[in-house]
Structures are given as C-alpha cells and as structure tokens.
Amino acid sequence: MDLFLHLWIMILIYTIFAMSLNLEVGYTGLFNFGHVAFFGIGAYTSALLTLHQVPFELAFAAALIAAGLSGFFLSIPSLRLRGDYFGIATLGFGEIIRMIFQNEVWLTKGPMGLPGIPKPVLFSCRFATLPQYLLLTLGFAILTFLVLRFIIRSPLGRIFKAIREDEVASTALGKNVFHFRIKSFVIGSVFAGLAGTLWGHYITFISPGDFTLLETILVLLIVVLGGKGTEWGPVLGAIVLIFFQESLRFLRLPAEWAHYLAPLQQMIFGGLLVLLMIFRPEGILREKGKSTDVGTKRCQ
Amino acid sequence: MSFILQSIFNGLLAGCIYALFAMGLTLIYGVLNFVNFAHGELIMWGAYSLYLFMEKPFHLPLPVALIPSLSLTILLGMGMDRFTFKPLRQANRLTLLIAALGLSFLLRNGAQFFWGAELRTYGFQIRRGWRILNMSITPNQIAIILTTLICIMIVYLLFHRSRLGKSMRAVSDNLELARVVGIHTKRAIQFAWIISSSLACIGGILLALDTNLQPGMGLINLVKAFAATLLGGVGNLWGALLGGIVIGLAENLGVLVISTGYKDAIAFGIMVLLLLLKPSTLYGAQE
C-alpha cells in the first residue's frame, strides 16, 4: 500500500514538472534542455530556508520566486538565440547549476547534500504521512493543471502557439516574440520550481547528484511520449514512465546488478526518445487540429 | 610570472583540443544545418575506444590501437547519421534535436554500462616535464600540439585542395544549388561525418591523455565546443579554431581568479557575455 502511495506521489510530482515543460516545449516551441535547473533551484531554495526555520509558506513562495527569477535571467541572453542554440545554452545552464550546488559548500554543503529536510506544514496543516503528502501533491497538481490550462486557452496561450507555428507571422502581427518567449519560459520555470520543492520535501534528502541530465531527459521523455502540446499528454506520460522507473526500483534485484541496471535503464530512456522521434514524434495523444506532419520550419 | 606563462601554455594546449571539437561540430552544422547534440559522445567514445583496444584482451600499443579506434568512431558517426539523422532530414527541427539529445544520452550510458562511471586513464606513467622558460612541458603535451597542427593541416588541404573538400564547401554554402550543379551531395554529407568523427576521436584521445576518461566528458565538452563555435561564427571552420583557443586560454587564465570548481563554467560564461554584449553580430542570432 505504501508502495502504491509512493508511486502516485512521484507520478504527481513529475506530472507537475512535465506540465511546466510542456508549456515551453509543446506550446511555445522553446527547446529547453535544462529544465532540471529550475527543479533543482526550487528544491534547494525551499530546503535551505526550511532548514533555517523559515515558515513553510514563505519558503515555498521564495522557491517559486527563485526559480522564476533565474528563468528570467537565463532567458534574456539565451532567448536571443535561434532554436537549437537556445537548446545548447539551456543544456549548459543545467550543468552550471549543478556545479553551483556542488561548489558552494558554505551554502549547499556541496556533494554531501542536505539531509533532514522537514515535511511541510502549510497553514497549520501538517503533511507528514504518505496519504497526507499524496493529498498535498494532488492539490498542487490539480492547481497546476488548471492554471496552465487557463493560460493555454487564454489569448496569451494562443500567442504562444502562434509563435511556435510561425515566428515571422507573429512578428508581423505586432507581437513581440522575444517578450512572449520570456513569459512562457518564466511561467514554466516557476512550475518546475514547484515540482522541485514538492520533491525535496518528500524525499527529505537532496544532493547535487539528483539534478543531472537524467532528470531533464526523463521529463522531456514524459512530455513527448504523452504528447507534447496536449493537456493530458504529460499526465499520461508521467504515469507510464514513472511507473516503469519506480517499479524497477522495487523489483529487489541483486545488488551487484545495480552497477549495470542504472545505465541500462537510462539507455532505454535515451533509445526510446530516439525511436519516438523517428516513428511517432507526436506522442501517444495527438494535438488536436494538427496533422502528423508537424512543424513549418524544415531542416533542409 | 612563470605561473602566468604556464597558464598561457596550458590554455593554448586545451585550446588546441577544443578547436578540434569545435571544427567537427561546425562542419556538421555547415552541411546539415543543425547542432549535433551527440557530438560530445563522439568525443567520449573516441577516447574510450582507444582505451578498449589498449586494455585486455587486445593490449595494443597506442599507435596501433589508434587505427581500430578511429575506425570505430567513424563508424559510430556514420551510424548516427544513417539511423537517426537521415530518417529525420525532413522532420521538424524540435524532433531532430530531441532525437539527437536522446541519442547522446543513450551513447553516454552505453559507455557507463561497459566501463562504469569511475575515472580512468590510459595507464601511462606520469613523466617529469622538461623545463623551458620556467614552464614545465611534458612530452605528452608536445605530442598534443603536434597532432593538432597535423590535423589542421590535413583539414586545410582537404578543404582547399581536394575535389571532395570543395564539393563539401559547396554543399555547406547552399545544398540545393550544389545539387543542381551536379555535386554528389550524399557523398559530401558522408564525408563531413567522417571528418567530424575523426576530429572528435582524435580530440577526445588527446583530452584523455591530458586529463582522464569519464562518461560525462562528452556533454561538458559539447558546451565548450559550442561556445568556441559561437565565438568564431557558426559554420566557419577557421573561426572555430580561433574560438577554441580563446576558450582554452580563458579557462586556464580564469582559474587564477576564480575557484577551480568553476573551470568548466567559464566557456558558458563567455557564451552568455557574448550574447549579452553583441547578439546582433552573431551569425546564428535570431532571424
């Protein structure tokens, strides 16, 4: 039963994480390959503050603001870049953030990590046990879903999609493309920060090794497997992939296999991403009103 | 003073290696018009493949092991193109990049699967360097500089003297036009992959000689190679060479001022500064 609850908590956290990436990759067409950075910033900010006895409400808010601000500052130089260059800039940023977690020992305790992150107490309501935490993550997941759906269905969301489809036409219609891309990126970063915060307080121990390229790949895979640019795609993707990942953890395989199992599992993730892109780039759920032949910008 | 001189020397040395990475990256960009996110993995596999042939069961000496190692990396590069990028030639750019990223992750973990995540070296004895101008210079380092110079010479001759090189430059300038005038574009693309993989393999080996082997070495060097490429102007082979040297120098002089833990972040910092200060001059800036 505990296993089952754990599984659903992880699924919900990754759903939030994936929904935030979906706004950027799926709806706005931003190639963000360093999304883990904001997840990490959220987790570290909230963990550090609560470990220093800051009230949870404040720490949560600070974590979201920190993630949003760092997204803002990254986006100013890098969103000037064309798509694939932006991708590499974010990829680099993800590595740099991990380097900071690792090197600023006075703040983050470096590779030792931060143990004993307290369980949250929000508005004098304590979320310590598994069912309570599930409720908390469920609440935030629904909130995220609704907020992002509201954005996507609003005029703002339509501009995002217009930019994704045709940048030049959007500019011609008087939309400041750079400006709207920053907006999308910051909103996405804030929700990634939320996911990171929830994750940190659930796991109660974080270290720089938790925020590697693996997380980025996993969340990207969730988005494209479920169906990028769809409302339910990230939810579906998270259920499938997190179930796969976490069930491997509980198979009780011999310890000496672990050495091979982790890279093997990650090879599967990488390979799956390649196969999906070649054979079904639109994912399980297809975005409405789009033909299979997605995209207007062609490579050659 | 000798400290600074030594740093400059080390910077030039690292710069030579980054230049090889950046030239390979920019070459593929020129011909296929996309950033190969898996280029770092060609670097890493190049270095590991030499390790493979130098350890048991092969135990080949370095110069001999170089041949199968180079062939393996070229095969890997061409395989990448054949099985991932070629089916996606007509695809959306996002699709292509996600596939490249997935491929890079697959290859990185493939190396980790076989060799583990720990640091490895080729197992050469560390030799005491010669002292020249108060700098310590090891034979390895001389070898690195010489190899780089030879590689650059070969690339120059290929591009400016051979028919194939010229056809590749034509494809890089304008694919459609090249096709119209009867250039065998498929061959030119294959050739670009061969050169790019060879440069990655040699650069990776040199880097591993100078430092060590680790499955994560691909990703961080991809970022450096990209920063060098941006500095030199994307698609510009000789700009990439210069950019690589600038990055190498900046890294080794930078650690005199900031913590060595951030050495790998310097290339990224240069990239961000460049974008903030002179975004318009970049060839690849937002159209």
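Visitor: At what angle do α12 of chain A and α4 of chain B cross?
Guide: Roughly 160 degrees. The axes of α12 (residues 258-279) of chain A and α4 (residues 93-115) of chain B come within 8 Å. Axes are lines fitted to C-alpha atoms, for helices over the stretch in contact, and angles run from 0 to 180 degrees between N-to-C directions. Helices (H or I, at least four residues) and strands (E, at least two) are DSSP runs, numbered from the N terminus.

Visitor: Where does the model come from, and how are things numbered?
Guide: It is a predicted model: local features need pLDDT of at least 70, side-chain atom pairs count only at pLDDT 80 or more, and totals for chains, interfaces and linings use all residues. Residues are numbered from 1 along each chain as its sequence is written, while chains are lettered from A and ligands numbered from 1 in the order in which they are written.

Visitor: Back to those helices. Are α12(A) and α4(B) roughly parallel or roughly antiparallel?
Guide: With that angle, α12(A) and α4(B) are therefore roughly antiparallel to each other. Under 35 degrees counts as roughly parallel, over 145 as roughly antiparallel, 65 to 115 as roughly perpendicular, and the rest as oblique.

Visitor: Which residues of α12(A) and α4(B) meet?
Guide: From α12(A), they include A:Tyr260, A:Leu264, A:Phe269 and A:Met277. From α4(B), they include B:Ile98, B:Leu103, B:Phe105 and B:Phe113. Residues are in contact if their C-beta atoms, placed from the backbone, lie within 7 Å.

Visitor: How many in that contact of α12(A) with α4(B) are nonpolar, polar or charged?
Guide: The contact has 16 nonpolar, 8 polar and no charged residues. Ala, Val, Leu, Ile, Met, Phe, Trp, Tyr, Cys and Pro count as nonpolar, Asp, Glu, Lys and Arg as charged, and the others, Gly among them, as polar.

Visitor: Zoom out. How many residues does each chain put into the contact?
Guide: Chain B gives 47 residues and chain A gives 45. On the side of chain B that touches chain A, α4, α9 (217-232) and α11 (266-277) each supply at least two residues. α4(B) gives the most, with 16 residues. That side of chain B divides into 29 nonpolar, 14 polar and 4 charged residues.

Visitor: New topic. How do α2 and α9 of chain A cross?
Guide: The axes of α2 (residues 36-51) and α9 (residues 177-203) of chain A come within 6 Å and cross at roughly 50 degrees. These two helices, α2(A) and α9(A), are therefore oblique to each other.

Visitor: What residues make that contact of α2(A) with α9(A)?
Guide: On α2(A), among them are A:Phe38, A:Gly40, A:Ala43 and A:Ser46. On α9(A), they include A:Ser189, A:Gly193, A:Trp199 and A:His201. The contact of α2(A) with α9(A) divides into 9 nonpolar, 9 polar and no charged residues.

Visitor: Is A:Tyr44 buried or exposed?
Guide: A:Tyr44, in helix α2 of chain A, is buried, with 29 other C-beta atoms within 10 Å. The cut-offs: 20 or more other C-beta atoms within 10 Å of its own means buried, 12 or fewer means exposed, and in between is partly exposed, with C-beta atoms placed from the backbone.

Visitor: What does A:Tyr44 touch?
Guide: A:Phe101, A:Thr108 and A:Ile206, not counting residues up to four places away in sequence.

Visitor: And B:Phe53, where is that?
Guide: B:Phe53 sits in helix α2 (residues 39-54) of chain B. B:Phe53 is partly exposed, with 19 other C-beta atoms within 10 Å. Leaving aside neighbours within four places in sequence, B:Phe53 contacts B:Phe58, B:Leu60, B:Ala65, B:Pro68 and B:Ser69.

Visitor: What about the backbone: what is phi at A:Lys109?
Guide: Near 60 degrees, a positive value in a residue other than glycine. Most residues other than glycine have a negative phi. A:Lys109 lies in the loop between α5 (105-108) and β1 (121-122) of chain A.

Visitor: What is phi at A:Thr204?
Guide: About 65 degrees, also positive, and A:Thr204 is not a glycine. A:Thr204 is in the loop between α9 and α10 (213-226) of chain A. A:Thr204 is partly exposed, with 13 other C-beta atoms within 10 Å.

Visitor: Last thing. What is the average pLDDT of chain A?
Guide: Chain A averages 87, and 96% of its residues score at least 70. pLDDT is the predictor's confidence in each residue, from 0 to 100. Among the elements of chain A, α2(A) has the highest mean pLDDT (94), and strand β2 (residues 125-126) the lowest (78). Over residues 292-300 of chain A the pLDDT is below 50.

Visitor: What does the model score for ipTM and pTM?
Guide: ipTM is 0.85 and pTM is 0.87.

Notes:
Contact = placed C-beta atoms within 7 Å.
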